[in-house]
Amino acid sequence: MKSRLTITMFLFSLVIAVIIIVHLIFYLIARLQAGYYIDHKYQEMNMKIGWPSQTIINNIVDGWYTVPVYTTSNGMKLKFTVSLNMYSGSRDDDFLLSAMSADAERQFAQNVQEIIPNATVYGMNYYFDEEDYFKKCGAQNIQYVHNDSSNGYIHSIIIEWAEKSALSDIEFLTKCENAGQHFVGDFPLKEITFIYKYGENDETRTYIRSSNDKNMNPKDIDIEVLRKNLFVAEH
């Protein structure tokens with residue numbers, strides 16, 4: 001009985017070991033393919049290839065892998081991904097989006113932090129024409145130039161910060177109004193969401209968006225509209 005159990009356990013362990021080895025081999029192949037793709041697309045750039053991280057079965061069956069890549073752009077550390085299919089030869093990456101997003105968020109943050117020093121800014125709804133951008137500017141030191149339509153636009157952003165204690169509604173809305181009016185005319189934006197967090201997991205948020213699908217100007221940042229869209233989430 002013990003002998004049979006021992007053999008069963010051995011066979012089970014062997015199957016698991018084989019699955020893990022095959023899985024690692026596929027990971028290695030995907031990593032090498034990502035490295036070959038990156039080296040040819042972004043020549044003379046210092047990029048470090050990471051290891052894929054997906055489910056064991058699916059990526060062996062369908063061949064799709066997402067491989068992380070680490071580099072710098074415009075002085076900022078950057079992580080982007082390469083999506084590839086080992087069988088079809090399909091290759092794609094989001095380097096331009098990641099680099100442009102990081103630089104755009106840096107520019108937005110510099111303006112917002114003049115009013116709310118501890119704010120973080122996240123860009124949303126990006127569109128960038130990769131082929132056009134690389135043809136004009138190359139891949140080195142990618143910058144978000146907000147008045148150049150060829151670089152694409154960020155149509156909405158989230159401004160988030162933390163407070164030690166809850167603000168009154170008027171204090172929160174006034175901060176939102178001042179921050180929005182301070183920079184919105186300089187960037188092509190159609191929507192801004194403001195969020196501040198306090199206490200354990202409590203937060204208050206509001207938003208404002210363009211009513212005519214045009215870019216907002218400082219006059220569009222109206223405290224009464226912000227008040228109308230106020231939402232408090234307490235946990």
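These are my notebook entries on what I looked up in the structure.

**Entry on the model.** I am working with a predicted model, in which local features need pLDDT of at least 70 and side-chain atom pairs count only at pLDDT 80 or more, while totals for chains, interfaces and linings use all residues. I number residues from 1 along each chain as its sequence is written, and side-chain values use heavy atoms, with hydrogens and water left out.

**Entry on the whole chain.** I looked up the secondary structure and found six helices and nine strands, where helices (H or I, at least four residues) and strands (E, at least two) are DSSP runs numbered from the N terminus. I then looked up the radius of gyration, which is 24 Å for the chain, whereas a compact globule of 235 residues would have one near 18 Å; the radius is taken over C-alpha atoms, and the globule rule is 2.2 Å times the number of residues to the power 0.38. Along its principal axes the C-alpha trace spans about 80 × 55 × 30 Å. Of the 235 residues, 40% count as buried, a word that stands for under 20% relative accessible area, with exposed meaning over 50% and partly exposed in between (1.4 Å probe, protein chains only).

**Entry on Met-45.** I found Met-45 in the loop between α1 (2-41) and β1 (48-49), and at 14% relative accessibility I note Met-45 as buried. Leaving out residues up to four places away in sequence, Met-45 touches Thr-71, Thr-72, Phe-95, Ala-139 and Gln-140, where contact means heavy atoms within 4.5 Å. I also looked up Ile-158, which is 113 residues from Met-45 in sequence and 31 Å from Met-45 in space, C-alpha to C-alpha.

**Entry on Gln-140.** I placed Gln-140 in the loop between α4 (130-137) and β6 (153-162), and I wrote down Gln-140 as partly exposed because its relative accessible area is 45%. Gln-140 and Met-45 are 95 residues apart in sequence, yet 7.9 Å apart in space from C-alpha to C-alpha. Apart from residues up to four places away in sequence, Gln-140 touches Glu-44 and Met-45.

**Entry on Thr-71.** I found Thr-71 in strand β2 (residues 64-73), and I count Thr-71 as buried because its relative accessible area is 8%. Beyond its neighbours within four places in sequence, Thr-71 has contacts that include Met-45, Asn-46, Phe-80 and Phe-95. I then looked at Asn-46, whose backbone oxygen lies 2.9 Å from a polar atom of the Thr-71 side chain.

Note on methods:
Polar contact = N/O pair within 3.5 Å; in protein donor to acceptor, adjacent residues only side chain to side chain.
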